[in-house]
Amino acid sequence: MNPTDRERLLKRDRISGSEILLRSLLLEGVECVFGYPGGAVLYIYDAMHGNPDFKHILTRHEQGAIHAADGYARSTGRTGVCLATSGPGATNLITGIATAHMDSIPLVVITGNVATSLLGTDAFQEADIGGMTLPVTKHSYMVRTADELPRVLREAFHLANSGRKGPVLVDIPKDVSAEMTEFIYPEEISIRGYQPLPFVRPDQIGRLAAVLRSARKPLILAGAGIIHAGAEQALSELARHCGIPVTTTLLGIGGFPSDDPLSLGMAGMHGTVTANRALLQCDLLVAVGSRFDDRVTMRLDGFAPEAVIAHIDIDAAEIGKLVPSSISVTGDACTVLRALLDELRADSGTYGHANQTASWVSELNRMKMLHPPRYRKDGQELKPQYVIEMIAETTGGEAIITTDVGQHQMWTALFGRFNHPRTLITSGGLGTMGFGFPAAIGAQIGNPGRTVISINGDGGMQMCAQELAVCAIHQIPVKIVVINNRTLGMIKQWQELVYEGRHSHIDLSGSPDFVKLAEAYGITGLRAQNPEEAQRVWQLAMETEGPVLIDFVVDRDELVYPMVPQGMALSDMMTGEEITNG
C-alpha cells in the first residue's frame, strides 16, 4: 500500500462500524474477502457498494468461502479472511474453522450476529457461534461497540498469524456494524500474557547438537511447522551439512524438496516403504514442527523403537503429549534450526557428520530404488496413479496442487512432485471432503501468476461443485481434475482390507456427468478413459486459458499402497508389492 492510500485510510473520520471494518481490513493488507451475505451483515455489504479498494468474492456456499480463505492462507502464508451472516451462515463455517484449527492455518473469520439487544433471546437467525466454535478457534471476539472494532481486528490478525497459527473469530452484532464513531486505528498492539515466540534456550540447542554428533542413523521428521515458519532453507542446510535423511508428514510435503537425494517421502499410514522403515531403524529422530499425529506414528509402542526422540515445536503443549522426547526445544522452527546450524558449524573443524552417516544414507537410497511407490499397469485401463504421475511430470513440481480427501489425496502425496513449500494444499488433521476445489480458488486468487491444479475424487467434488460458478464468472484459471472411480474409494479400501470385503453404501452410481456439469456452468469440460486420451486432454487443458474440468474415468478397484491398518504398528506395513509388481 502506498503512503497516500494509507494516509487516506487512517483519517480520523466519523464513520460506521461497517466502514471501520473495511478500512481495518485494507490496512491489514487484505487482498480479498470470501463471503456470502445475509441479514445480519447487510450494513457491511452496503459499505462495500461502490468501494473500489475492496475486493470480495461471492461464493455459492459459506463453506466454500472459508475453504477458499484457507487455500489462500496456505498458499501465500498470509491471513485468509471470510465473512458470513448470523445463524445458519455462521454455522456453515464451523467445518472450515475446524479444518483450519487442526492444521494451524491463519484465518480471520468474521460473522454477523443479531443486534446486541436481542442476544440471548433466541431471535431469528441467532446462534452462539462463539460458544459453538470455542474448541476450534485460537481466540474469539464478540464486539460490543464500534469503538472496539479497530483494536479487535488488529489483535485478531496478530493472533491468527503469530506463534502457533490458527483461526480467530470476530462476531459483530448488526447494530455495531451500523453504529457511528470516530475511526482511530491502533498502530501498536499489546495482548497481555501473549508471547508468540518462545525464547530458545542455548542449553537445549547444545544438547541436541551433542546427540546429532554421536548419531549414526539420524532421521528428520519434518512437519507443517517447517512451512509455517519459513524454515525450508534452514532444514535443507541442516540435512546437507549433517547428511541426515528427511521424511515428512502429509502437511510437511514441500518443506523439503521431493527431488532431493536425502528425501524419503511421506511417512505414516500410507507413507513410503523407505520412510517407514527408516523410522523403525533410526537411532535419532528429530521431529520438527510435527505434532506426532496418529496417522504418522500409528501404534505408539511401535513408533521409532530404536531412536532417541528430539522434538522441536513452537507449541509447548505438543511436547511430550503423545511421544515422550529425550530432548525438547520449544521455539520457532526456523530460529531453532538456525541456532542448531550455528552450533554445529562452530565445531566443523572436528566434526565430519556427513561422512559418519554415509552408510546409513546409502542403505536408504538402495531401499528407495528397490521399493518406490508403484502400481500395476494394465494395458489401456486408466490408473489414477498414472494421472498423478502425468500431472507431476508436466508441471515439474512447480505447480500449486490442492487435493480433496481420500485415495487421490494419498496418491498425490506418493506420486506427486513438490519441490517448494506451499505447493501441496490439503486438509490433513480433519480430513475434510469438499475442501480441495474451493481451496484451489483461494490459492489462485493469492497466486495469480501460478498454475493451480485441484485434484478431487468424484465424491468430494459433489460437495463443492456449486463453486464452479465462481471460477466461471471470474475466469479463475484453475485446472479441475476429477479422479472418477464411481465409488467412495478410501471407504471401499478399508471395507475390502479390514471389513472382509463387505462393501456398504459406497456406490456413487447416479453421479452427474462431470463434463456436462462443467459446461452447464460455462466451463470447458474434457474426459479421458485411457492413458492415450489422458495425455491428449491434459495437454489441451493446460493450453486452454481459463478454468477447465477434466474427468479422468479410472479403475475403480485400485488401492493405495503402502498401508498400515489402523491400530497396527509401522512394522505391520502392507507394501502391496505382491499386487503392484508388474
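The face of helix H25 turned away from its buried side carries the exposed residues Glu532, Arg536 and Glu543; exposed means over 50% relative accessible area, buried under 20%, and partly exposed in between, with a 1.4 Å probe and protein chains only. This is a predicted model, in which local features need pLDDT of at least 70 and side-chain atom pairs count only at pLDDT 80 or more, while totals for chains, interfaces and linings use all residues. Residues are numbered from 1 along each chain as its sequence is written, and side-chain values use heavy atoms, leaving out hydrogens and water.

**Helix H25**

- Helices (H or I, at least four residues) and strands (E, at least two) are DSSP runs, numbered from the N terminus.
- H25 covers residues 531-543, and its 13 residues should span 18 Å at 1.5 Å a residue; the expected span is 1.5 Å times one less than the number of residues.
- The end C-alpha atoms of H25 are 18 Å apart, which agrees with that span.
- Pro531, Ala534, Val537, Trp538 and Ala541 are buried in H25.
- These buried residues fall within an arc of 130° seen down the axis of H25, so they line one face of the helix; the arc is that of the directions from the helix axis to the C-beta atoms.
- The cover over the buried residues of H25 includes helix H18 (384-395) and strands S17 (452-457), S18 (479-484), S19 (524-528) and S20 (548-553); contact here means heavy atoms within 4.5 Å.
- At the start of H25, a side-chain oxygen of Asn530 comes to within 3.1 Å of the backbone nitrogen of Glu532.

**Salt bridges**

- A salt bridge is a side-chain nitrogen of Lys or Arg within 4 Å of a carboxyl oxygen of Asp or Glu, and by this rule the count comes to 27.
- Arg8 and Asp53 form one of them, with their closest N and O atoms 3.1 Å apart.
- Arg8 lies in helix H1 (residues 3-10) and Asp53 in the loop between helix H3 (42-48) and strand S3 (56-58), so the pair ties together parts that are 45 residues apart in sequence.
- Arg8 is partly exposed at 40% relative accessible area, and Asp53 is partly exposed at 36%.
- Arg299 forms a salt bridge with Asp301, their closest N and O atoms being 2.6 Å apart.
- Arg299 is partly exposed at 39%, whereas Asp301 is exposed at 61%.
- A network of salt bridges links Arg164, Asp315, Glu318 and Lys321.

How values were computed: A polar contact is a pair of N or O atoms within 3.5 Å; within protein, one must be able to donate a hydrogen and the other to accept it, and residues adjacent in sequence count only if both atoms are side-chain atoms.
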